[in-house]
Amino acid sequence: MNGEPIQVLLLETTAAGAAPLENQLDDAGVARFALERVGRAEDAIDRLEKNHVDVVLLHLPPDQALRVLPSVQQRAPSVPVVVLTDEENESAAVQAVRGGAQDYLIRSKTDARTLAHGLRYAIERKRAEEALQKSEAFYHSLVESLPQNIFRKDLLGRFTFGNGRFCKEIGKSLDQIVEKTDFDFFPADLAAKYRADDQGVIESGKAFEVIEEHVTPVGEKLYVQVIKTPVHDAAGNLIGTQGIFWDVSERFRSEEQLKQAYADLAAKEAELLETMKLLKASHEELIQAQLQLIQAEKLESVGRLAAGVAHEVKNPLAILLMGLDYLAEAETREPAADQDVMRAMRDAVYRADVIVRGLVDFSANRRLDAIPQDLNAMIQRSLLLVKHELVGAHVAAIPELAEDLPPVLLDPTKIQQVFVNLFMNAIQAMPRGGTLTVRTRARRLQSVERDEGSRSAERFRAGDRVVIAEVEDTGTGIPPDKLVKVFDPFFTTKPTGRGTGLGLTVTRKIVELHHGVVSIANRDGGGARVTLMFKAHGSESHAIQREPAQAQAHPGR
Ligand SMILES: Nc1ncnc2c1ncn2[C@@H]1O[C@H](COP(=O)(O)OP(=O)(O)OP(=O)(O)O)[C@@H](O)[C@H]1O
Ligand SMILES: [Mg+2]
């Protein structure tokens, strides 16, 4: 009973009735009431505009009460109205409550306490209603102003609500949507999918979220993010589903593009790796082929050299035979002559041995086995191998070999193969005889000369100590237009059976395996000059390239 009294505005046509009511209310002990009576509806409205009123009590005959009610409501929509009549009239009561009255009381059945409670409850109910309206207004504005499509359906999939955006999307008014299903608006397969999704939410009781293709009723294809959730009533019973969806086409498409781009990139990378693998394999094959070529070309040279070598061995054998004959004739022998014959026989054995050993070395198939070597010794041994060819062609060999040549990392058999090739070319270029000069020297590079070819620039730096060998002849020389071709595989100017055109190809390959360079040029005075250049051992920065281990495992190949 504490606090401010409840302000009651009583509209009662006769003043006589007012006093008892006021007294009764106060006596009821429910709350304190401040009752103010007006006799006319206009006064009541006037009064409502002026001061605060908590509740309006219309003590009027039913028909009058129904007439006054709307104008009171209109003037003060937030003030509760209670109708009190002397006569019972069910339809008037219903009408009054529909018209917004909080309560309809019959005077004869209402004691002071009931009336006091009625007035209080009317105020509380009105407040609750107001709050509810306010929160409904809040949710309504939220649902309508969000940039999302929102709808609700009952358990059978019939729409119970759709916000303005959703109605616009469907192209129908809310009235046209309510009670309808997805089958009324979308193609059957799409509607069936939506229905199945709803069913999933209903059965699981859980939210469902997906990005899916959506076709608007006008046929536009979109990608939408959809969230569907179950809807429960106040008692917690499942009554349907609600969905919210929005257009994410742009984001979805750019994500898809990004995914595609990543996939493309991954595919390209895999392709690249595959290509690199193939490239590596074919590089290995190339090395193998090159080594096989070197070997094949060498065997061919061995064949060509065999006749000469046989001749070289035949002489010592003849000397041995003569020596043996002499030794067999015991009677004619003299001790001093014995010594000479035996020395000649030993020399013959040594010569034959050197030649045979050289040929065996030359034809042996070994991996590239570079060890520090004296280039001069390599040249001497090679000259010995072609000695017969030199004699036969009336070619004089003049070695001009520098003393104190620094060692070079070389594979002896392969370097001998190089010199045999070069000497054979020189001999074959001098059909009427001539001079073969082999020169060696060492020097420190001041700069990398361009005329030695771009290959020099790749392999040598200014300041490198190098060993140079030159093979010069006084032969035909090389026609200028052929100069660029002589290193090409199978380029030959020689008749079939005499040349295959692989000598210089293989020579260049072997020299490059040693990180050296080879070049060929015509000499001013006629004939050709081949120049080889290697790094002196100790100044090289490259490790010598080795044949693959495979070649080692199969020496027969
Ligand atoms: N010293 C040289 N003088 C003149 N021409 C040469 C000389 N060296 C090479 N050539 C030319 O270069 C060509 C190619 O030489 P290469 O050694 O590669 O093959 P080839 O001597 O013809 O045959 P192969 O060496 O395989 O038996 C020769 O056919 C020849 O025309
Ligand atoms: Mg040749």
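Predicted model: local features only at pLDDT ≥ 70, side-chain atom pairs only at ≥ 80, totals over all residues.
1. Residues are numbered from 1 along each chain as its sequence is written, chains are lettered from A and ligands numbered from 1 in the order in which they are written, and side-chain values use heavy atoms, with hydrogens and water left out.

2. On to the ligand. Ligand 1 has 21 residues around it, and Asn425, Thr492, Thr493, Lys494 and Thr500 are the closest (near here means a heavy atom within 4 Å). By class, that shell comes to 8 nonpolar, 9 polar and 4 charged residues. For the classes, Ala, Val, Leu, Ile, Met, Phe, Trp, Tyr, Cys and Pro count as nonpolar, Asp, Glu, Lys and Arg as charged, and the others, Gly among them, as polar.

3. Have a look at the polar side chains around the ligand. Thr492 puts a polar side-chain atom 2.5 Å from an oxygen atom of ligand 1, and for Lys494 the distance from a side-chain N or O atom to a ligand oxygen is 2.6 Å. Asp473 has a polar side-chain atom 2.9 Å from a nitrogen atom of ligand 1. On its own, ligand 1 exposes 590 Å², and the protein buries 94% of that (Shrake-Rupley areas, 1.4 Å probe).

4. Where does ligand 1 sit? The largest pocket holds ligand 1, in the sense that more than half of its atoms lie within 2 Å of the grid points. On a 1 Å grid over the protein atoms alone, a pocket is an open set with protein on both sides within 12 Å along at least five of seven lines, while a cavity is a set of points where a 1.4 Å probe fits but cannot get out; lining residues have an atom within 4 Å of a point.

5. The largest pocket has a volume of about 690 Å³. Its lining has 34 residues, including Asn425 and Lys494 among those nearest the centre. Which element gives the most to this lining? That is α13, with 7 residues.

6. The largest cavity has a volume of about 110 Å³, and 13 residues line it, with Phe151, Tyr194, Glu212, Lys228 and Phe245 nearest its centre. β9 provides the largest share of that lining, 3 residues. The lining splits into 8 nonpolar, 1 polar and 4 charged residues.

Terms used:
Polar contact = N/O pair within 3.5 Å; in protein donor to acceptor, adjacent residues only side chain to side chain. Points joined across faces, edges and corners; volume = space filled by probe spheres on them. Helix = DSSP H or I, 4+ residues; strand = E, 2+ residues; numbered from the N terminus.
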